[in-house]
Amino acid sequence: MGSLEFHHGPVENNCDPPMTNPLDPEEFRRQGHIMIDFIADYFKNIEKYPVLSQVQPGYLKKRLPESAPYNPEPIETILQDVRYHIVPGITHWQSPSYFGYFPSSGSIAGFLGEMLSTGFNVVGFNWMSSPAATELESIVMDWLGDMLQLPKSFLFSGKGGGVLQGTTCEAIVCTMAAARDQMLSRIGKDNIGRLVVYGSDQTHSALKKASQIVGIHPGNFRAINTAQSTEFALSPELLRLTICSDIEKGLVPLFLCATMGTTATTSVDPLGALCDVAKDYGMWVHVDAAYAGSVCICPEFRHFIEGVEGANSFSFNAHKWFFTTLDCCCLWVKNPTALIDSLSTNPEFLRNKASDSKQVVDYKDWQIALSRRFRALKLWLVLRSYGVANLRNFLRSHVKMAEIFERLVRENKWFEVVVPRNFAMVCFRISPSAISKYPGDDGNALINEVNCKLLEAINASGNVYMTHAVVGGMYVLRCAIGATLTEEKHVLMAWKVVHDHADAVLSTYQ
Ligand SMILES: *Cc1c(COP(=O)(O)O)cnc(C)c1O
């Protein structure tokens with residue numbers, strides 16, 4: 001106790017506080033109510049905050065103490081600090097004026113499902129460790145597969161099956177590992193350096209990351225070029241040419257990632273034709289529908305995944321545009337055995353009769369980690385609380401609002417829609433013709449600069465948040481509609497913000 005001045009970190013003192021049980025039911029009830037009230041008020045007042053956090057890097061270190069408190073602090077005090085120090089550093093993804101990246105669409109059902117799952121706090125690595133966690137997951141994945149009209153071969157009721165992963169990145173790592181081991185068992189482990197992975201220049205970086213993790217030679221990753229004239233979709237002909245040239249070099253085509261709803265522009269790769277090519281070379285095809293997959297529960301959008309029957313695996317993120325909190329990536333595979341062969345380990349301490357009987361699913365063998373959360377609960381609550389009918393209504397209302405925004409862009413002579421809208425995201429920019437001294441063919445850098453300035457001005461206003469992409473050398477703004485609280489008036493306001501800032505930015509270029 002004499003060396004206090006030299007002591008860093010939490011400092012002991014003489015008056016130890018009374019000890020309470022950290023899971024006392026009545027205290028949980030009391031603090032839980034306070035927390036729910038806090039969050040309800042947050043949703044109610046969310047429009048008062050700048051959508052994009054305006055803090056500078058390192059802001060929080062200046063505001064919080066150097067070390068953790070030694071004595072307990074009441075929830076009321078902690079929430080005060082959340083209000084004053086954390087909220088300013090939040091970018092409000094639940095704001096109705098959030099149009100960045102893709103939405104992170106919360107809902108009451110998703111939230112309460114998450115809460116319930118946290119309450120049970122089970123570690124559901126195998127069936128035994130919580131039979132309901134496994135069985136509900138299998139049931140919900142079949143329900144959802146059915147809603148998407150996935151071929152029976154992807155469902156447990158066929159010979160496939162679905163699993164909830166954390167994110168698309170993990171889903172691709174797992175499927176690529178399965179594909180790799182299947183292939184290496186045929187051609188020999190020494191040939192790993194010959195395996196090639198294919199996507200397009202629009203494929204999400206998750207594919208690249210997965211290739212790095214799975215041990216694909218860095219020189220064997222192909223990002224095939226796309227073009228604006230074909231709406232940035234991957235060409236089956238180019239894929240075939242690339243594969244043929246790789247085979248000539250003695251390489252082995254392994255894995256194709258086709259995308260339904262690319263991140264930059266929501267383009268859709270022609271699944272059927274791509275799967276036909278891949279089939280000729282015995283490759284694994286994964287369909288990444290992270291953002292747009294959910295909208296295929298509406299019959300009028302189902303055609304976007306036509307051809308999926310030729311793929312080996314399919315995934316979409318329920319945490320993007322399906323009212324389920326992060327994290328929740330839904331992955332279906334036709335051949336679960338391939339996944340299990342690649343990912344299973346069976347240490348003695350996990351052995352049990354149910355697993356030995358081979359009559360149960362042990363999801364630990366379908367994913368990277370051993371421990372796993374009871375994610376199916378939140379998805380089950382979402383499906384039940386809204387039903388297919390309202391889930392379709394929500395998604396359609398977002399698409400309708402995107403149509404409105406798209407029309408406003410098209411009707412304005414300064415602007416252009418750069419890629420035709422497929423879903424609820426509009427890709428647009430100030431058109432080169434809006435600048436009177438636009439210097440013709442080499443003006444691309446200039447018009448990109450104008451659009452970049454426009455986006456910065458929009459986001460600095462705090463009124464809305466949008467993000468950008470660069471496609472075919474063009475800097476484009478993306479307006480992604482899908483935050484659950486968004487209504488038509490917010491979309492109209494967003495357009496006004498864009499328009500007013502364009503007016504200001506353009507006036508400096510005339
Ligand atoms: C968002 C997105 C991903 C990445 O999803 P994570 O769940 O964050 O890994 C992958 N692919 C596409 C097409 C996406 O839009």
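I count two strands as paired if DSSP finds at least two bridges between them. Strands (E, at least two residues) and helices (H or I, at least four) are DSSP runs, numbered from the N terminus. The model is predicted: local features need pLDDT of at least 70, side-chain atom pairs count only at pLDDT 80 or more, and totals for chains, interfaces and linings use all residues. Residues are numbered from 1 along each chain as its sequence is written.

Sheet. I looked up β4 (residues 252-259) and found that five bridges join it to β5 (residues 284-288), with the two strands running parallel. C257 has H286 in β5 as its bridge partner. I then traced the open sheet of seven strands, in the order β1-β7-β6-β5-β4-β2-β3, with mixed pairing. β1 (161-165) and β3 (221-224) are the edge strands, each pairing on one side only.

Helix pair. I checked α5 (residues 131-147) against α13 (residues 376-411): their axes come within 9 Å and cross at roughly 40 degrees. Axes are lines fitted to C-alpha atoms, for helices over the stretch in contact, and angles run from 0 to 180 degrees between N-to-C directions.

Ligand. I found 14 residues around the ligand, and the closest are T167, T168, C169, H204 and A290. A residue is near a molecule if its C-beta atom, placed from the backbone, lies within 6 Å of it.
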